[in-house]
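Trainee: Before we discuss this protein, could we put the sequence and the model side by side and work through them with questions?

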Amino acid sequence: MSVTGKHGVTTETPKNILLGAGTFHKGLKWDTSTKAWTGTCIGATSGGGKVTIEGEYLDIEVDGALVLVKGLTVKQGGVASMEVSLIELSGDNIQMATNFKKGESDAEGYDMFTDKEHIDEGDYVDNFGFVGKTANGAKDIIIIFESALCKSAFELEGKNKEASVLKLVMDAYAANDGDLATLPVKIYYPTAV
């Protein structure tokens, strides 16, 4: 039970604390037949990741109002991003991080990726998501961007006695045939029982 002025811990607290690095996935969706989440984990992380969802607001200024006034703040859209620190490098992750295309390799045993002029439909990652566990391990907390694109720099830094980490910043994008006024982001939080 929480104690006013001392702490807010209750028997529900361990069920509501997000603990650990979580995992990042592409193609993350709920399978109604198996009643489970499906998708592909993009790799192991080092340094974890971060999810940022931020509304953009306009505070309407009115002469005589010297403070913010309820009803005079208007939501003007928003931005959402996931930052992932991948320690695992793969061809898929290289393509996701650079928006390069896979080319014909002249080196046996190697795939080759090269730059291209335009962003193609396939460069957007459908249902890019984060899955985290609660402290008691009983619940998953899931955040999904319906469509995401990586626009961060591709940087690898080799250091003595350290593994290289590739940072991806995946931004949420709305489909051009849908609602262009709200973020294409879904947060799934377990129903209280």
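Mentor: His25 is found in strand E1, which spans residues 18–31; helices (H or I, at least four residues) and strands (E, at least two) are DSSP runs, numbered from the N terminus. This is a predicted model, in which local features need pLDDT of at least 70 and side-chain atom pairs count only at pLDDT 80 or more, while totals for chains, interfaces and linings use all residues. Residues are numbered from 1 along each chain as its sequence is written, and side-chain values use heavy atoms, with hydrogens and water left out.

Trainee: With which side chain does the side chain of His25 make a polar contact?

Mentor: A polar contact is a pair of N or O atoms within 3.5 Å; within protein, one must be able to donate a hydrogen and the other to accept it, and residues adjacent in sequence count only if both atoms are side-chain atoms. The side chain of His25 also reaches a backbone atom, the nitrogen of Cys41, at 3.5 Å. The side-chain partner, at 2.7 Å, is Thr23.

Trainee: Which strand is joined to E1 by five bridges and includes residues 125–134?

Mentor: Two strands pair if DSSP finds at least two bridges between them. Leu19 has Lys133 as its bridge partner in this strand. The two strands run antiparallel, and the one that covers residues 125–134 is E7.

Trainee: On the E2 side, which residue stands opposite Lys29?

Mentor: Strand E2 covers residues 36–41, and five bridges join E1 to E2 in an antiparallel arrangement. E1 and E2 form a hairpin with four residues between them. The residue of E2 that stands opposite Lys29 is Thr38.

Trainee: What is the phi of Lys35?

Mentor: Lys35 is found in the loop between E1 and E2, and at 61% relative accessibility Lys35 counts as exposed. Phi is positive here, in a residue other than glycine, with a value near 55°.

Trainee: How far apart in space are Leu18 and Lys50, C-alpha to C-alpha?

Mentor: Leu18 has its place in strand E1 and counts as partly exposed at 44% relative accessibility. In sequence, Leu18 and Lys50 are 32 residues apart, while the C-alpha to C-alpha separation in space is 12 Å.

Trainee: How many charged residues are in the lining of the largest pocket?

Mentor: On a 1 Å grid over the protein atoms alone, a pocket is an open set of points where a 1.4 Å probe fits, with protein on both sides within 12 Å along at least five of seven lines, and lining residues have an atom within 4 Å of a point. Glu155, Glu157 and Lys159 are among the residues that line the largest pocket. Asp, Glu, Lys and Arg count as charged, Ala, Val, Leu, Ile, Met, Phe, Trp, Tyr, Cys and Pro as nonpolar, and the others, Gly among them, as polar. The lining has four nonpolar residues and one polar residue, and the charged ones number five.

Note on methods: Buried < 20%, exposed > 50% of the residue type's maximum accessible area, 1.4 Å probe, protein only.
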